[in-house]
Amino acid sequence: MRVWIDQDLCTGDGLCVDHCADVFVQLEDGIAYVAEGGRPLNDPGGSSSLAVVVTRDVRRVIDAAEDCPGECIFIEIDTPSDAELDATVTPRVAARIKLRDEAA
Ligand code: SF4
C-alpha cells in the first residue's frame, strides 16, 4: 500500500500525524507530508511523492484518511500483494483509494 497527500487541500490540523507519526509529518510550513523511513517526501510532494506503508501502519493510515478534514489523503492499494490487508473502509474514504496493479 502507498499513500500521498494533496498539500493544496491540507488544513494543517495535524490529525494524520496523531494517527500515524511514522507515515505523516508536519513541516515548518504547517502542512502535512508523507514520510518513508523517517524521511519526509516533500520534494515535490503531492501525487509525485508516494510513501510505501508497512503492514503495521496500514490500519492507522486508513483511519487517518477517514478522519482527514481536508479529504486530501490518497491511498493506492497494490494488487495482488495487498489483498490480505485489513483495508475495510467507509464510502467517504473509498473515493480516495485507487487499485494499483503491480503487473501493469
Ligand atoms: S489530517 Fe489531512 S488536512 Fe489534517 S494535516 Fe493531515 S493531511 Fe492535512
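Author: Two strands count as paired if DSSP finds at least two bridges between them. Helices (H or I, at least four residues) and strands (E, at least two) are DSSP runs, numbered from the N terminus. In this predicted model, strand 3 (residues 32–36) and strand 4 run antiparallel and are joined by 2 bridges.

Reader: What should I know about the numbering and the model before going on?

Author: Residues are numbered from 1 along each chain as its sequence is written, and side-chain values use heavy atoms, with hydrogens and water left out. The model is predicted: local features need pLDDT of at least 70, side-chain atom pairs count only at pLDDT 80 or more, and totals for chains, interfaces and linings use all residues.

Reader: How many helices and strands are in the chain, and what pattern does the chain follow?

Author: The chain has 3 helices and 7 strands. Along the sequence the pattern is β-α-β-β-β-β-α-β-α-β.

Reader: What is the order of the open sheet of 4 strands?

Author: The order is 5-1-6-7, and the pairing is mixed. Strand 5 (51–52) and strand 7 (97–101) form the edges, each with a single partner strand, so one side of each lacks a neighbour in the sheet. Strand 1 (residues 2–5) pairs with strand 6 (residues 73–79) in the antiparallel sense over 4 bridges. Within that pairing, Trp4 has Phe74 as its bridge partner, and Ile5 stands opposite Ile73. Strand 1 is also joined to strand 5, antiparallel, by 2 bridges; there Val3 has Ala51 as its bridge partner.

Reader: How do I read a helix against a sheet, and where does helix 2 lie?

Author: Axes are lines fitted to C-alpha atoms, for helices over the stretch in contact (heavy atoms within 4.5 Å). Angles run from 0 to 180 degrees between N-to-C directions. Helix 2 (residues 58–67) lies across strand 1 and strand 6, at about 140° to strand 6.

Reader: Which residues of helix 2 are buried?

Author: Buried means under 20% relative accessible area, exposed over 50%, and partly exposed in between (1.4 Å probe, protein chains only). An α-helix has 3.6 residues a turn, so residues three or four places apart point the same way. In helix 2 the buried residues are Val58, Val61, Ile62, Ala64, Ala65 and Glu66. They pack against strand 1, helix 1 (15–19), strand 2 (24–26), strand 6 and helix 3 (91–94). Of the chain's 104 residues, 41% count as buried.

Reader: How many disulfides does a search of the whole structure find?

Author: A disulfide is taken as a pair of cysteine sulfur atoms within 2.5 Å. The search finds 0 disulfides. For Cys20, the nearest cysteine sulfur is that of Cys16, 9.4 Å away. Cys20 is buried at 1% relative accessible area, and Cys68 is buried at 8%.

Reader: What lines the largest cavity?

Author: Rolling a probe the size of a water molecule over the atoms shows where empty space is left. On a 1 Å grid over the protein atoms alone, a cavity is a set of points where a 1.4 Å probe fits but cannot get out; lining residues have an atom within 4 Å of a point. The structure holds 1 cavity of 30 Å³ or more. The largest cavity has about 90 Å³ of space, and 15 residues line it, with Cys10, Asp13, Cys16, Cys68 and Cys72 nearest its centre.

Key
On a 1 Å grid over the protein atoms alone, a cavity is a set of points where a 1.4 Å probe fits but cannot get out, and a pocket is an open set with protein on both sides within 12 Å along at least five of seven lines; lining residues have an atom within 4 Å of a point. Grid points are joined across faces, edges and corners, and a volume is the space filled by probe spheres set on the points.
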